[in-house]
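Biologist: I'm new to this one and have the sequence and the 3D view open. Could you walk me through a few places in it?

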Amino acid sequence: MTWAFITGEYPPQTGGVSDYTRLVATGLADCGDEVHVWAPECTNESEKREGVTVHRLPGRYGVSALRQLDAELRRLTAPCLFVQYVPHVFGWKAMNVPFCLWLRSRKEPVWSMFHEVCYPRRWNQRPAEHLLGAVTYEMARVVASASERIFYSTAAWLPLLHRLAPSTPKTSLPVPSNLAETVDRSEAAALRYGLSSISAAVVIGHFGTYGVALWDCLIAIFSSLLLADARRVALFAGRGSTEFRKAFLQTHTTFSDRTRAVETECADTLAMHLAACDLLVQPYPDGVTTRRSSLMAGLALGKPIVTNLGPLTEPFWKQSGAVAVAPDMVAQSLVKVVEELLSSTPELPELGLRAAHVYRETFALSHTVKTLRAS
């Protein structure tokens with residue numbers, strides 16, 4: 001099969017969609033499929049992966065980019081257009097209507113992966129937000145109606161997608177881990193030992209991009225956990241972790257020796273640091289969902305994870321027992337669950353074993369590739 005991925009970001013550009021597109025493109029190429037990726041121009045050279053050809057387009061899917069894309073698609077034999085859809089990654093302040101209309105005009109089969117659908121609409125929004133919500137809703141309708149098949153990253157999108165395109169087949173395609181799924185355990189143990197000079201230290205980690213909206217919650221969680229036990233060490237991993245650690249230490253200077261930050265683009269290094277943790281704390285404003293690659297990274301490595309329920313949380317998370325969940329994203333709620341786990345000697349390793357099992361059975365990249373190739 002010939003795949004034509006159309007995405008708003010691709011490595012070395014950063015972002016969840018970028019990481020996801022690389023993983024899935026590489027997985028399909030490893031199965032012998034011909035894979036092409038179109039993404040916006042980038043100052044740095046794209047990484048080279050055997051079987052994956054990356055094409056860079058000028059600008060952010062404007063007229064000149066679509067013309068170039070037209071010409072390059074004509075050189076392929078029977079490609080399937082696989083759109084990684086998030087409205088804001090296609091530029092135009094998330095309102096690239098011409099791009100959506102271009103998709104509707106295609107004669108090739110269009111498959112759309114909805115990482116997000118549209119900007120949320122609420123009755124009390126400002127006029128600018130109301131406009132953005134209305135336009136992105138109509139954009140999603142055009143993309144959905146142009147699609148031969150629809151895939152979605154979380155079941156929370158399904159009711160909306162049914163309204164947008166009632167008769168189009170829809171398939172769940174959860175996001176896999178964007179890090180290594182296995183590490184050398186002896187190396188992880190050695191790294192864990194080197195993270196702290198404290199005897200019998202407990203390493204509690206967080207992996208994410210450290211959006212400012214999460215800072216207050218994370219600071220409250222980790223300050224409480226470190227205050228409660230002098231043996232505990234906090235590990236902040238991912239983009240933005242260095243800046244977050246600095247902010248954390250501005251108000252908690254005494255924890256300088258008990259906090260670490262690892263910020264690198266090396267997926268193997270990040271995976272090794274997560275594997276060195278005893279437990280991960282992963283709060284999400286909209287709740288734990290199957291679209292969170294930062295959560296999947298911990299699951300894949302068999303780490304006990306504390307997270308929270310929210311408006312987008314699927315029933316799966318309570319049913320599977322793969323994670324420990326707080327009722328909301330309130331720091332005290334999450335801390336309470338962490339403390340209960342740490343005080344229960346058998347529960348912590350059992351939670352990690354369930355996490356690894358659920359990941360292998362449900363979320364591993366192999367499931368994504370198998371689903372796409374069988375569709």
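Biologist: What does the side chain of Ser105 reach?
Modeller: In this predicted model, the side chain of Ser105 reaches the backbone oxygen of Trp102, at 2.6 Å.

Biologist: And where does Ser105 lie, and is it buried or exposed, or something in between?
Modeller: Ser105 lies in the loop between α3 and β5, and with a relative accessibility of 48% it counts as partly exposed. The C-alpha atom of Ser105 is also separated by 7.9 Å from that of Ala146, although these two residues are 41 apart along the chain.

Biologist: What about Glu108, where does that one lie?
Modeller: Glu108 lies in the loop between α3, residues 97-104, and β5, residues 110-114. The side chain of Glu108 makes a polar contact with the side chain of Arg106, at 2.9 Å.

Biologist: Why does Glu108 count as buried?
Modeller: Its relative accessible area is 17%, and Glu108 counts as buried because the cut-off is under 20%. If we leave aside the neighbours within four places in sequence, Glu108 is in contact with Leu73, Pro79 and Leu81.

Biologist: Moving on to β5, how many of its residues are buried?
Modeller: Five of the five residues of β5 are buried, and the strand is mostly covered. Val110, Ser112 and Phe114 point one way from β5, whereas Trp111 and Met113 point the other way, and all of them are buried.

Biologist: Which way do β4 and β5 run when they pair?
Modeller: Strand β4, residues 79-85, pairs with β5 in the parallel sense, over five bridges. Within that pairing, Gln84 stands opposite Met113 in β5, and β4, α3 and β5 together make a right-handed β-α-β unit.

Biologist: How many bridges join β5 to β6?
Modeller: Four bridges join β5 to strand β6, which covers residues 149-152, and the two strands run parallel. Trp111 stands opposite Arg149 in β6. To get from β5 to β6, the chain crosses through helix α4, residues 127-146, and this β-α-β crossover is right-handed as well.

Biologist: Back to the loop between β4 and α3, what is the phi of Lys93 there?
Modeller: Lys93, which lies in that loop, has a positive phi of about 50 degrees although it is not a glycine. Ala94 is placed in the loop between β4 and α3 too, and it has a positive phi of about 70 degrees, again without being a glycine.

Biologist: Are those two buried or exposed?
Modeller: Lys93 counts as exposed, at 75% relative accessibility, whereas Ala94 counts as buried, at 10%.

Biologist: How accessible are Cys42 and Cys80?
Modeller: Cys42 counts as partly exposed, with a relative accessibility of 25%, while Cys80 counts as buried, at 2%.

Biologist: What about helix α1, what span should it have and how far apart are its ends?
Modeller: Helix α1 covers residues 16-30, and at 1.5 Å a residue its 15 residues should span 21 Å; the end C-alpha atoms are 21 Å apart, which agrees. Just after α1, Gly32 takes a positive phi of about 100 degrees.

Biologist: Last one: where does Thr368 lie, and what is it in contact with?
Modeller: Thr368 lies in helix α14, residues 365-374, and counts as buried, at 3% relative accessibility. Leaving aside neighbours within four places in sequence, Thr368 is in contact with Tyr20, Val24, Leu173, Pro174 and Pro176.

How values were computed: Residues numbered from 1 in each chain as written. Predicted model: local features only at pLDDT ≥ 70, side-chain atom pairs only at ≥ 80, totals over all residues. Heavy atoms only, no water. Buried < 20%, exposed > 50% of the residue type's maximum accessible area, 1.4 Å probe, protein only. Polar contact = N/O pair within 3.5 Å; in protein donor to acceptor, adjacent residues only side chain to side chain. Contact = heavy atoms within 4.5 Å. Pairing = 2+ DSSP bridges. Right-handed = clockwise from strand over helix to strand, strands pointing away. Expected span 1.5 Å × (residues − 1).
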